[in-house]
Structures are given as C-alpha cells and as structure tokens.
Amino acid sequence: MLKYILKRFARLFLVLFGASVLSYALIVHSGDPLEDLRESTDADAEFQMETRAEQLNLMLPWTDQYYLPWYERYWDWLTGVLGCLDPTGAILSRCSFGETVNGGDVTAQIANAAEISLRLVLIATLLAIIIGVLTGIVSAMRQYSFFDFAMSFLMFLFWSLPIFWAAVIAKEYLAIEFNDWMADPHFSQSTILIVAAILTVTVPMIFGGSARRRVAIGATMFVYTATVMPLLDHMHFMEQPRLGTGFIIVGSVVLALGLTALLAGLQNRQVLISGLITAALGVASYFLTWDLIRGAQSYLLPVALFALAIAVSVLVGRVFGGYAKGQATAVTTLSGILISLMIMLDHYMYTWPQLLSAKPRPVRTIGATSPNLGTDDFWVVSLDQLSQLWLPTLVMMLVSLATYTRYTRSSMLEVVQQDFIRTARAKGVNERTVVLKHAFRNAMIPLATIVAFDFAGLIGGAIVVERVFGWNSMGTMFVTGLENVDPAPVMAVILFTGGIAVLFNFIADILYAVLDPRIRV
Amino acid sequence: MKLRKLSAATAMLASGALILTACTPGDDGNGGNGDGGNGDATETQNGENGGDAEAGVEEGTGGEFDQEGALYSTIPDSGAKAEMPEGFETNGDTIISSPGAVPFINVNNDEAGANSTGNSIVSDRMSSGFMYFGSDLSIVENEEFGSYEVLSEDPLTVEYTINEEAVWSDGTAITALDYQLGWAGQAYADTEESPGAGFNPSGSSLADYVPDGFQAEAPDAKTFTMELPEYYADWQLLVSGPGVPAHIVAQESDMSVDELSTAIQEGDLEALEPVAEVWNEGLGYAGEWDPEIALSSGPYQLAEWNWQGEESGGSVTLEPNPEWWGTPPGTETLIFQFVDESTHVQALENQDINVIEPQADEDVKLALDDLAETGDVVVHEGDIASWEHIDFQYQQGPFAETPELAEAFALCLPRQEIVEQLIQPVYEEAEVLNAREVLSFQEGYDDFVAESYDGRYDGADVEGAAEIIEANDAVGTTIDINHFGQPRRAAAVEIINTYCGAEGAGFDIQDAGDPAFSAELLEGNWSGVAMFAWAGSGQIVSGQNIYSSDGQQNATGYSNETVDEQWDVIAGNISDEERTQALIEMEQALWDDLHGIPLYTHPGVVAHDSSIANVRMTAAQTQVQWNAEQWQRAE
C-alpha cells in the first residue's frame with residue numbers, strides 16, 4: 001500500500017512539473033510585455049522599459065544586459081518554488097513564487113487570492129452537491145414523471161449556459177432589477193398569483209402520490225401562498241424580515257419530526273424523543289444566546305457556538321438514543337445543525353434593515369465587499385459579504401448542478417434495479433429504508449470521483465465568474481498576468497489549480513485502493 | 001398513513017406559529033427591528049449636507065468643454081479646471097469611481113512599481129503641484145500651490161515659489177527639501193553605469209536634465225531654483241508636486257531634516273541607503289500604511305485602504321485633508337474601487353460606481369445610451385490623447401523597392417470611411433486627423449492643419465492610386481498591414497482592402513495583425529505598413545525621437561533633412577509662434593515624403609450619475625478623475 005501511495009505521489013510531481021514547463025513556455029511567448037510602453041511617447045518610456053526588462057530578465061535591442069532565455073527564467077522560477085518544499089530554507093533556496101512585473105510579491109498574493117477563490121468554489125460545490133443529489137434522488141424515484149422531464153430540461157439548460165453570459169444576466173435581474181424593486185418592495189396581485197400558480201403546480205409534483213393527494217396538496221399550496229404573501233407584504237417583510245419565535249419553535253419541531261420520520265421512522269420512540277429534546281434545546285438556546293450572539297465581533301463566537309451545538313446534539317443522541325444510538329445521533333446532529341442555521345438566519349434577518357440603511361441597494365454587481373458601508377458592525381459586514389457572495393455562488397452552482405443531478409439519477413436508477421434491492425423489498429423492508437439505506441448509499445460511490453473532477457473544473461470556471469463580478473482573486477491574477485505577459489502570477493495560479501486537481505485525483509486514487517484491494521498492485 | 005398524520009401536525013403547528021410571534025427577542029414592538037447602530041449608518045450615508053453647497057448648479061450646454069445635460073457649478077470655458085463659485089463647500093456625501101482594475105499600490109507615486117494610471121489617479125487627489133494637464137492637454141499653472149518664473153534663458157534657470165500656506169496634512173510646511181528628495185530619488189538610483197543608494201524611481205528625466213538638483217537657501221525654504229545646463233523644451237513637465245514629505249522620510253530613517261539635506265547635497269550614498277528604503281516602499285505600500293506617515297499635500301487624504309492583492313481589486317477611501325489651504329473638495333467621501341472595465345456599465349446602472357470611464361467601443365456606447373435615456377445617467381464622449389496612424393516601411397519591402405507606391409497607398413486609403421464606420425459610432429463628432437504634432441482637440445488645430453496640409457489625401461482616390469500602381473507595373477504587390485491584432489484595427493484593414501485591394505486600386509492587402517508585432521515594431525525588420533497609435537503625453541519634443549533620422553523610435557528608416565533641422569529648432573529655446581511655424585514646416589515635409597498618414601484620435605467615453613456635478617472628460621492620461629475634487633452631488 002505504501003509503495004502504491006508513494007508511486008502515485010511521485011507521479012503527481014511529474015505531472016505538475018510537465019504542466020509547469022509547458023505553461024511557462026506558452027506564457028512567455030504569448031506576447032510582448034512592453035507593448036504599452038512601445039506606444040508611449042513619454043520621456044521616461046525608455047527608462048521604464050529598461051526597468052521592466054530588468055525585472056523580467058528580458059532582452060532589449062539597445063542593451064543585452066538583462067537577457068536570459070526562457071528556460072533559464074523558468075529555472076530561476078522553479079528553484080524559488082521548490083524552496084517552498086523546504087521550510088527550513090537550509091538546503092534549497094528561499095520559498096518564493098517570484099515577483100510580478102511591478103516587483104510585487106506573488107507568494108503573498110496567491111495566498112490571498114486562493115483564499116477568496118476557495119471560499120467561492122467550496123460553497124458553490126457544497127450547495128451543488130446537496131441540491132444536485134436531492135434533485136437526482138427525487139428524479140430517480142419519480143422516473144419518467146413530469147417532474148423528471150422538467151428537471152432534465154432545466155439541468156441541461158443550466159449545464160449548457162455559457163458561464164459568462166449567465167453571470168451578466170444574473171447581475172441584470174438578481175442585482176439591478178432586484179435592487180430597483182427593493183426601493184419599494186411590494187408584491188403586486190399578479191406576482192402573488194404567478195408565484196401561487198407555480199407552487200401549485202410544482203410542489204405536488206415533488207410529493208407525488210395519487211391524483212387526489214396531488215390535487216389536495218396543490219390546492220393547499222395555492223391557498224397558503226395566496227394568504228401568506230399578502231400578509232408578508234403587509235408586515236413589510238422585505239424591509240424587516242424575521243422568522244420570529246413562532247416559526248423557530250414550529251420549525252424546530254417539524255425538523256425533528258421530519259428527520260426522524262425520514263431516517264428512523266416515527267414509530268422509533270427513542271429516536272423521536274432524542275430529536276424532540278434537541279429541538280427543545282435549540283429553541284431554548286435561541287432565547288438564551290440572543291444577546292450573546294448579537295454582541296459578536298467576529299465569526300469566532302458564532303462558529304464556536306455552532307460547534308457547541310453540534311457537540312450537544314451528538315451527546316443528546318448518544319444519551320437518549322438507547323438501542324438506536326446510531327440513528328438517533330444522525331437525527332439529533334442534523335436537527336442541531338439545521339436549527340442552528342435557522343437561528344443564524346433569524347439573526348441575519350434582524351440585521352437586514354441595518355444593511356438596507358447602510359446600503360440602500362443591497363446587492364452590488366461588483367466586489368466581494370462594499371467599500372462604502374460606513375460601519376464596522378460585525379453583523380452588517382458579514383451580511384454584506386453574504387449579499388455579495390450569493391450571486392457568484394448561484395451562477396457557479398447552477399452550472400455544476402447538472403452533473404450531480406444526472407449522475408445521482410442514473411446511478412440511483414442503476415442501483416434500484418439490482419438484486420439486493422429486490423431482496424430487501426421482498427423481505428418487506430419499508431420503502432424509506434430501501435431508498436435511503438440500501439439504494440442511496442451504494443449510488444453515492446461513483447459520485448465521489450466526480451467531486452474531484454468537478455472541484456478542479458469549478459476553480460477554472462471561477463476565473464470567469466470572478467472577472468464578471470469584479471472579485472479580486474485567482475481569476476484576475478491569471479488574466480491580468482497574461483495581459484502583462486508576466487509569468488510569475490500566472491504560474492502561481494496554474495500551479496495552485498493544477499495542484500488541487502492532481503491532489504484530488506491522488507486522494508480519489510487512494511480511496512479506490514482502500515475500497516478495492518484489487519487496485520493495489 | 002404516517003406521512004398524512006405528519007402533514008396534519010405540521011399544518012396545525014404552522015397556523016400556531018403566527019400566534020406565537022409575540023415574544024421574539026430583539027423585537028422592539030414597533031414593528032421595526034435593528035439595533036441602535038442603525039441611525040449612525042444612515043447619517044454617514046445620506047448625512048447632513050454641508051450648507052447649501054448645491055445652490056448654483058447650471059446645466060451644460062454642450063459647448064467645447066461641457067456636456068449637454070450634465071451639471072456644473074461653473075460652466076468650464078477652457079481645458080483648465082473651472083473656478084468653483086464662492087462658498088463652494090464640502091458636501092457630506094459619497095461618490096464612488098473606478099480607475100480600472102489595477103489598484104493603488106504605493107503612496108509614493110514616483111516609485112517604479114507604482115507606475116500605473118490607477119496609482120497616479122488616487123495619488124493625484126492626495127497631492128497638488130505647480131502644474132497639471134488640462135482636459136485639452138494644455139499645461140495649466142496651479143496658482144493655489146505656487147508659481148514659477150524663468151530667471152535666465154541661458155542656461156535656463158527657473159525659480160519655483162511654493163505658496164506660504166502650503167502644508168502637509170500634519171501641518172508641516174511643504175519646502176524645497178521635499179523637491180530635493182524627489183530629485184535624489186532619480187539621481188541616486190542604481191543604474192547600469194553607476195551604483196546608487198537603492199532608490200527605485202519610475203523615471204530618470206529630472207535627474208538627466210537637472211544634473212545638479214534644486215538649489216535652495218535652506219532646507220526649509222519656500223523658494224528654490226532649477227538650472228538646466230542644456231535647454232529642454234518640456235522643462236515645465238519636470239517639476240510639479242512635492243512627492244513625499246521629506247521630514248517624515250528623515251524621521252523614518254532616523255536622521256534629522258538637516259542631515260537628510262546634507263546627505264542629498266553631498267550625494268552621500270551610504271547615508272542615503274536607509275532613506276531609499278523608506279522612499280521606495282516605506283511610506284505606505286500594498287495596504288500597509290500609517291496615517292501619520294502617508295501624508296497628503298492635496299485636497300484629500302487617505303482614510304481607508306482595502307488592499308486585496310496587487311493584480312486588481314480592493315478599494316481606497318479618501319477624506320478631506322483638514323490642513324488643505326485651497327478650495328475645499330466637493331465631497332466628503334471619495335471612493336476608488338478597482339474593478340475591471342468590462343463590469344463598469346452594469347455597475348453604473350446599479351449605482352455601485354457613480355463615475356465610469358469604460359473601454360470606448362460601440363457596444364459599451366450603445367448600452368450607455370440606453371441608460372442615458374432614463375435621465376439617470378449622463379454620457380460624455382470625446383477624443384483622448386492617443387492617435388492612430390499608418391507608417392510606411394522604407395528599409396525593406398515594397399516601399400523600399402518602389403517608393404512611389406506609398407503615394408498610391410496614401411491616395412486609396414479610405415480615411416473618412418474608417419472614421420465613419422469605426423469611430424463615429426462611439427463619438428459622433430469624430431473627424432479624420434490631419435496632423436501629428438497637434439491633435440484635433442487641441443487649441444489651434446484647424447489653423448495648423450490649414451497651413452501644413454493641402455487636403456491631397458482627403459478623398460479615397462482609387463483611380464489615381466491604380467494609375468500609379470500600373471505605371472510602376474506593380475499590380476498585385478503585397479502590402480502587409482502590421483498591427484497588434486486588436487479587433488478595431490482588423491476591421492480597419494478590411495475597409496482598406498475594399499479600396500486598395502484587388503477589387504480597388506490593385507494592391508494585395510494582407511492583414512498581418514499579431515500581438516507579437518509589438519516587440520518587432522521598433523526594431524524595424526517588418527515590411528509594408530504599420531498601423532498603431534502613439535499615446536500623447538503632452539510633450540513638445542517627443543516627436544523628435546520618432547521623425548528624426550537617428551531617432552530611437554524611428555523604425556522605418558525615414559530620413560529628411562528639413563525634418564531634422566526643424567526638430568532642432570522646435571526643441572530649442574524659442575517663442576511659441578516660432579515653434580508653431582517650425583512644426584508646420586516639419587509637418588509639410590512629413591506629408592511630402594509620406595513618412596506616414598495620421599488616421600484619427602482615439603475616442604473616449606465617460607458616464608456618470610446625472611446628479612453629480614462637475615464631472616468632465618479629459619483627453620490627458622489623468623482620466624475622468626482628473627478633477628474629482630470638484631465633483632459634488634446636487635440635490
């Protein structure tokens with residue numbers, strides 16, 4: 001096994017080395033780094049050309065002082081990067097990703113940019129996985145239903161969206177138009193009717209069942225939407241949204257009940273009791289921690305409380321789970337996480353009016369933060385970041401959603417036809433257990449591979465999205481570097497994204513080897 | 001069955017939910033939520049207005065220096081900044097603009113790494129100087145800062161006097177030493193020939209033309225003189241702002257102001273080494289800054305620096321400089337956000353950015369015109385100081401073998417058509433450019449053209465061109481049109497092809513667009529013609545480098561005695577009338593010999609929130625932010 005891992009690991013470096021040589025040569029020969037200065041008639045243009053040529057080790061017609069062929073420039077760069085493998089700095093040279101054409105330090109820059117890009121890509125990937133897998137399962141369960149066809153259509157639509165265009169459209173409608181609407185947010189009669197009609201049609205499709213049941217669900221949805229939306233409008237929900245005590249209590253209980261029903265079945269009293277205890281604790285903590293959380297100065301406190309909530313939930317599951325410890329823990333942990341998120345949402349809703357007064361147009365089309373917020377309040381700053389994050393995340397998520405949905409669907413359909421599923425059904429195992437325990441788990445195995453590929457692909461897609469949304473991270477580094485024919489920043493991006501792609505494949509390889517001993521040769 | 005029970009329970013709970021809302025934490029019972037901090041945020045945003053500053057705003061009439069529909073406190077009547085009316089006060093407001101993606105990186109704008117438009121746009125708001133470029137590329141003396149006069153013509157000696165009131169934002173007077181330090185930054189840089197103290201400047205012309213530096217009676221004098229051993233026609237451009245505060249640099253490098261002064265006078269490289277370190281990156285670099293060190297000599301000072309890496313992004317917030325002695329700036333908070341130009345139009349529509357200067361192409365112009373129709377946005381369009389032209393290569397290729405063909409090419413060149421199809425969609429009033437040293441937006445352009453050019457290449461004379469080609473037995477001669485591969489230039493080649501190509505005058509026109517051509521341009525080893533632009537920098541003598549026989553930017557082997565002679569006259573110490581006369585003679589020779597043909601000046605577009613007054617477009621490289629201190633939102 002160790003030999004196998006080492007072999008794979010060595011191959012990883014070979015791939016990266018090959019990629020870096022190739023990219024470096026391509027970047028260096030992609031254009032003229034002095035182009036802007038050559039068209040300049042500035043008295044200092046020649047001096048500036050010399051400065052830049054010295055920085056980049058280029059050759060100039062009137063001085064051969066700074067000439068180095070590209071492979072020597074590559075070698076200089078490579079020795080700097082290799083230095084990063086040696087933290088002591090004793091054996092190899094100092095760790096450095098080189099300098100930009102203006103003499104800036106690329107090492108610091110890539111660290112900063114990678115953090116922002118990863119934030120974007122991680123959240124988009126996570127959401128895409130959750131939503132994609134859920135849609136995929138429902139599609140598979142309702143194969144050849146209208147829902148299945150509609151989802152297939154939508155997924156292929158999203159999948160074939162040019163990401164650049166999708167981003168521009170998202171800015172137009174979800175930022176500019178939304179902000180215009182937020183100036184005086186009211187639901188008109190027709191909006192209410194349209195939303196109600198859409199929900200009336202779609203919700204029964206997801207729930208399925210007999211025709212009578214569908215009609216009943218549809219009618220309920222229509223009445224519900226047609227009463228709640230005007231009510232929200234009347235309450236000025238868009239300006240001052242709150243979940244409120246009622247929603248939190250009801251929501252927590254519903255979550256505990258629903259998760260129990262889904263994962264263990266309501267007849268399992270031990271699990272049900274654990275779930276309800278978690279819900280009660282969650283509601284209690286909502287009131288007890290309100291002032292504490294309002295006073296948060298950074299993410300440290302909410303994150304710590306979140307961790308505490310998970311720990312407590314796990315504990316509740318262990319203590320009250322009895323013979324069904326495993327299932328109980330799953331239910332309590334999931335309820336704990338979801339209730340915490342609900343409470344967090346309420347806190348953000350509470351901050352919304354403050355954000356609106358600091359920033360009357362809540363979604364900006366550019367940048368990861370708003371420069372004119374005029375307040376240091378943690379909640380406002382954090383909500384501002386969220387409102388800036390959601391559009392790029394949405395665009396990136398939509399594009400990769402299709403892969404997960406389609407793979408989950410086909411993988412589910414394949415597994416459901418297997419003998420062991422038929423056996424389980426024949427034994428009288430109920431449908432929930434068949435789907436979740438037997439089919440779903442096995443259907444997830446091939447998906448692990450896709451995550452590795454998709455993640456690397458998304459980082460590439462992020463370059464475009466970041467550019468359109470004016471985010472400053474690896475995308476801008478890459479494009480600006482290429483425009484300046486400046487190899488160091490471009491190479492840093494290539495090395496980073498390439499490294500992640502290779503690393504994820506490496507992990508996938510090892511996982512396979514762990515799962516399937518036949519592969520270890 | 002269980003599911004149905006579950007949904008029934010859910011429905012019951014859901015209806016109960018609304019009843020229970022009463023005791024929600026944080027609810028103040030008035031139907032509103034939000035903490036006390038709420039009020040503060042509103043204030044900083046929409047704040048109290050500083051007096052009735054927006055009182056006398058007038059609408060522009062669409063004259064030469066203003067734009068119809070735009071608001072002005074004073075309608076500008078020249079390229080200089082308009083004088084703000086009496087009682088012009090700072091308005092408690094925020095205006096955001098974007099100078100493009102390249103961020104502000106160094107408080108010392110004279111450092112090599114800071115050599116970008118983004119840096120100088122921000123830096124210029126935090127400094128003032130003896131002169132600036134007006135919107136028509138004219139040199140404007142800034143009397144608020146100081147004055148200068150020529151003491152002697154030979155050698156040229158200029159005396160600069162800094163305004164008595166001029167101080168840095170910590171209250172310390174701006175003195176001659178600040179200028180001497182700026183000179184030292186260039187003079188004691190490391191070069192190939194000699195080691196220096198480690199200064200890393202973005203230019204060398206000041207040290208080249210003023211080898212002895214500035215002379216002052218004392219380091220803290222308000223007057224200093226500059227002596228140029230050799231006459232330099234662009235001497236006015238050598239000195240403007242005070243650069244960085246010498247007293248802060250001295251303090252940061254652990255020496256007294258006098259010691260610094262002595263070290264500069266004596267050229268003591270060892271003593272200057274720590275100074276160079278502070279000068280290069282020690283005054284505020286890459287987001288690391290200290291309000292007591294990053295001082296301002298202009299209307300604004302640094303308030304916030306949101307640094308997000310060098311390639312792009314982040315923002316800089318400026319606030320009024322409390323020690324500023326001149327006309328107060330128009331707006332309390334000026335924000336520069338560094339984002340790519342492709343995002344500007346939507347950002348303007350969403351009011352994320354209030355003043356933009358995007359890439360001037362047809363799509364952008366159409367999108368902006370749509371926005372302008374709502375009345376919320378005003379669009380300015382005009383010329384910028386960058387001019388497109390075609391140069392003939394006389395060292396090799398078809399024009400070396402048969403120079404007469406240059407005449408044929410010039411005759412069939414559809415200049416009017418190129419302007420109509422490519423430039424007028426962006427800037428309707430764009431015209432064919434008929435001069436090289438005076439651009440169409442500059443003063444006296446019409447008279448200059450009337451005297452230097454007789455209109456011989458105005459109409460695309462395909463037949464005339466064909467005759468010459470046939471007479472030289474050159475039908476089908478391949479003419480490479482070299483350019484850097486931009487779409488607009490490729491489109492121009494197509495238009496040229498319909499007139500001069502096989503269907504027209506009879507050349508074989510080849511589009512040789514290639515980004516790599518830029519590296520070969522000045523080496524001169526190409527053939528045919530080159531189509532590119534010179535970015536004008538407002539200098540008088542920059543053309544000498546291009547047109548004289550041994551000029552460094554002369555890449556076509558062009559040589560003409562009259563041109564060489566006239567350039568020596570132009571670069572000499574003469575009056576403006578004499579200089580114009582010499583320029584006319586020089587241009588005539590360039591037309592006669594067909595060095596090349598000017599095509600058009602590049603168009604520019606500026607758009608802004610229509611409620612902001614005093615936004616003006618400029619042809620100079622200082623961009624629309626050149627008078628940002630005058631911007632003010634009118635109610």
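This is a predicted model: local features need pLDDT of at least 70, side-chain atom pairs count only at pLDDT 80 or more; totals for chains, interfaces and linings use all residues.
Local features need pLDDT of at least 70 and side-chain atom pairs count only at pLDDT 80 or more, while totals for chains, interfaces and linings use all residues; side-chain values use heavy atoms, without hydrogens and water. Residues are numbered from 1 along each chain as its sequence is written, with chains lettered from A and ligands numbered from 1 in the order in which they are written.

**Figure 1. Chain A has 19 helices and 0 strands.** Helices (H or I, at least four residues) and strands (E, at least two) are DSSP runs, numbered from the N terminus. The C-alpha atoms fill a box of roughly 85 × 65 × 45 Å along the principal axes. Of the 521 residues in chain A, 48% are buried. Buried means under 20% relative accessible area, exposed over 50%, and partly exposed in between (1.4 Å probe, protein chains only).

**Figure 2. A patch of negative charge on the surface draws on chains A and B.** Its members are E54(A), D190(B), E192(B), E193(B), E266(B), D268(B), E270(B), E273(B) and E277(B). Patch residues have over 30% relative accessible area and no salt bridge, and like charges are joined within 9 Å. Asp and Glu count as negative; Lys and Arg count as positive; His and the chain ends are not counted. Helix α8 of chain B (residues 269-281) gives the largest share, 3 residues. E277(B) lies in this helix. E277(B) counts as exposed because its relative accessible area is 62%.

**Figure 3. A salt bridge joins E39(A) to R489(B).** A salt bridge is a side-chain nitrogen of Lys or Arg within 4 Å of a carboxyl oxygen of Asp or Glu. Here the closest N and O atoms are 3.4 Å apart. The pair crosses between chains, from the loop between α2 (35-38) and α3 (45-56) of chain A to helix α16 (residues 487-500) of chain B. E39(A) is buried, at 14% relative accessible area. R489(B) is buried too, at 5%. E39(A), E388(B) and R489(B) are linked in a salt-bridge network.

**Figure 4. E483(A) and R467(A) meet in a salt bridge (3.7 Å, N to O).** The pair links helix α18 (residues 474-483) to helix α17 (residues 431-468) of chain A, 16 residues apart. E483(A) is exposed, at 54%. R467(A) is buried, at 14%.

**Figure 5. R415(B) and D458(B) meet in a salt bridge (3.6 Å, N to O).** R415(B) sits in helix α13 (residues 415-423) of chain B, and D458(B) in the loop between α14 (445-452) and α15 (462-471). R415(B) is buried, at 2%. D458(B) is partly exposed, at 41%.

Terms used
Patches are made of residues with over 30% relative accessible area and no salt bridge: like charges are joined within 9 Å, nonpolar side chains (Val, Leu, Ile, Met, Phe, Trp, Tyr) within 5 Å. Accessible areas come from the Shrake-Rupley method with a 1.4 Å probe; for residues, only the protein chains shown count as cover. The place of a charge is taken as NZ of Lys, CZ of Arg, CG of Asp or CD of Glu.
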